[in-house]
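Thanks for coming, everyone. Please look at the screen while I walk through this one.

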Amino acid sequence: MTILAPIQAAAVEFAPEVTYLNTSSWGLLPRRTIAAVKALADENAAGRRVGAGSFEAVEAARVGFARLVGVHPDRVATGSSVTVHVGLIAASLPPGAEVLCPEGEFSSVVSPFALRGDLRMRYAPLADLAGAVRESTALVAFSAVQSADGRVADLAAVRAAAAAHGARTLLDATQAAGWFPVDAGAYDYTVTGGFKFLLCPRGTSFLTVTEEAQDTLPALFAGWVAAGAPWTSNYGPLERLAPTARGFDEPPAFLSYHGAEHSLALLAEVGSDALYAHATGLAARLREGLATLGHKAVPGESAIVAVPGLDGRQPELVEAGIAVSAPAGNLRISCHLYNTEADVDRLLDFLA
């Protein structure tokens, strides 16, 4: 496999027309990904493609994601959104089960449980989440990295507390996978949207599930691909789901997955360690510069930098060609593969 330094990958694969520091909203598509999507679209337009897309591309994306998060591809289900994956897990819980989430958690992680109406919801500050797990807790559902402000959860502490009390764990890795080392096998379930730090087209998402936890999931979204043998189970009821996590696959958005295959290959070429060092190094430079300007960012070593109370500057930054976001009262800046020190310095110069 070719090994690319982040600066090489950025030069070869990306050409943003703005200073793009907004991967927490969506990631830029690599050139190779765009080429794959265009090629499939052209084939579909010309009628040259049988079946509108390739399940081989879906499998390649599954393998690429599995490699990134350290599990076997049999433990990965492919889908279209985090909400659908979480909804499947929510449907598996018995009435009255207690679900513990951090306060201010992203809606897609919380709402499928909360809106069922017959589950007991509890919330705790992120820093106190491990201590809030108790004997009655059935599931701890939380993000590895918080969307609103980039805080990284104490993953080891939450896992240990859940294990000690017999609770299962659901980790949302959407704001983490692609720059932060994620060990999906350490959780009963993980869910990850592909269109942020994984640099995939929207319409790609990944569910990982342990063999033990898989047995509790219902056949709620049992479409024709869930048999694990595409094109052979199109008619009549399925006799059974695929015995692996593929039994929870959704029918794929082929255009998205034809692109995802190449985005995940690019991340593999750069490597997790290099991605982590690059993104967090830029974020550290940004935090230091913000402090010099008198702005206090949320502390930590995340690649996502949030500055409370500075959200009002977002419109003028965007107008100046600096793409950032402003969730929950924060100015949120995300550093990733295609960013450089010059990007960080341009933002700091503007704020000064």
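This is a predicted model. Start at V140. Setting aside neighbours within four places in sequence, V140 is in contact with L100, L129, V133, V158, A162, A167, R168, T169 and L170.

Where does V140 belong? V140 is part of the largest nonpolar core, which has 61 residues. Within that core, V140, F142 and L198 touch the most other members. Several elements give two or more residues to this core: α1 (6–13), α3 (55–69), α6 (129–132), β5, α7, α9 (254–270) and α10. There is also a second, separate core of 25 residues. Its members include A77, A97, A245 and F248. As background, nonpolar side chains in soluble globular proteins tend to be buried together.

Now the sheet. Seven strands form an open sheet. Read the order with me: β2-β8-β7-β6-β5-β3-β4. The pairing is mixed. Which strands are at the edges? Those are β2 (76–79) and β4 (120–124), and each pairs on one side only. From one strand to the next, the twist averages 20°. Helix α7, residues 155–165, packs on this sheet. It touches β5 (137–143) and β6 (168–172). The direction of α7 makes about 170° with that of β5.

Stay with the sheet and find β8, residues 205–209. Take its two partners in turn. Strand β7, residues 189–193, pairs with β8 in the antiparallel sense, over five bridges. In that pairing, Y189 stands opposite V209, and G193 stands opposite S205. On the other partner, β2 runs antiparallel to β8, and four bridges join the two. There, A77 stands opposite L207. You have met A77 already: it is in the second core.

How many residues of β8 are buried? Five of the five, so β8 is largely enclosed by the rest of the structure. The side chains split by direction. S205, L207 and V209 point one way from the strand. F206 and T208 point the other way.

Next, a single residue: T33. It lies in helix α2, residues 31–46. Is T33 buried or exposed? Its relative accessibility is 0%, so T33 counts as buried. Beyond residues up to four places away in sequence, T33 touches P201, G259, H262 and S263. One of these also makes a polar contact with it: the side chains of T33 and S263 are joined at 2.6 Å.

Last stop, helix α12, residues 341–351. Its buried residues are D343, V344, L347, L348 and L351. Why do I call that one face? Seen down the axis of α12, the buried residues fall within an arc of 130°, so they line one face of the helix. Turn to the face away from that buried side, and you find the exposed residues A342 and D349. And what do the buried residues of α12 pack against? The partners are β1 (19–20), α10 (272–292), α11 (314–319), β10 (322–323) and β11 (330–334). Note α10 in that list.

Note on methods: Residues numbered from 1 in each chain as written. Predicted model: local features only at pLDDT ≥ 70, side-chain atom pairs only at ≥ 80, totals over all residues. Heavy atoms only, no water. Buried < 20%, exposed > 50% of the residue type's maximum accessible area, 1.4 Å probe, protein only. Arc of directions from axis to C-beta. Contact = heavy atoms within 4.5 Å. Pairing = 2+ DSSP bridges. Axes fitted to C-alpha atoms, helices over the stretch in contact; angles between N-to-C directions. Polar contact = N/O pair within 3.5 Å; in protein donor to acceptor, adjacent residues only side chain to side chain. Core = buried A, V, L, I, M, F, W, Y, C linked by side-chain atoms within 4.5 Å.
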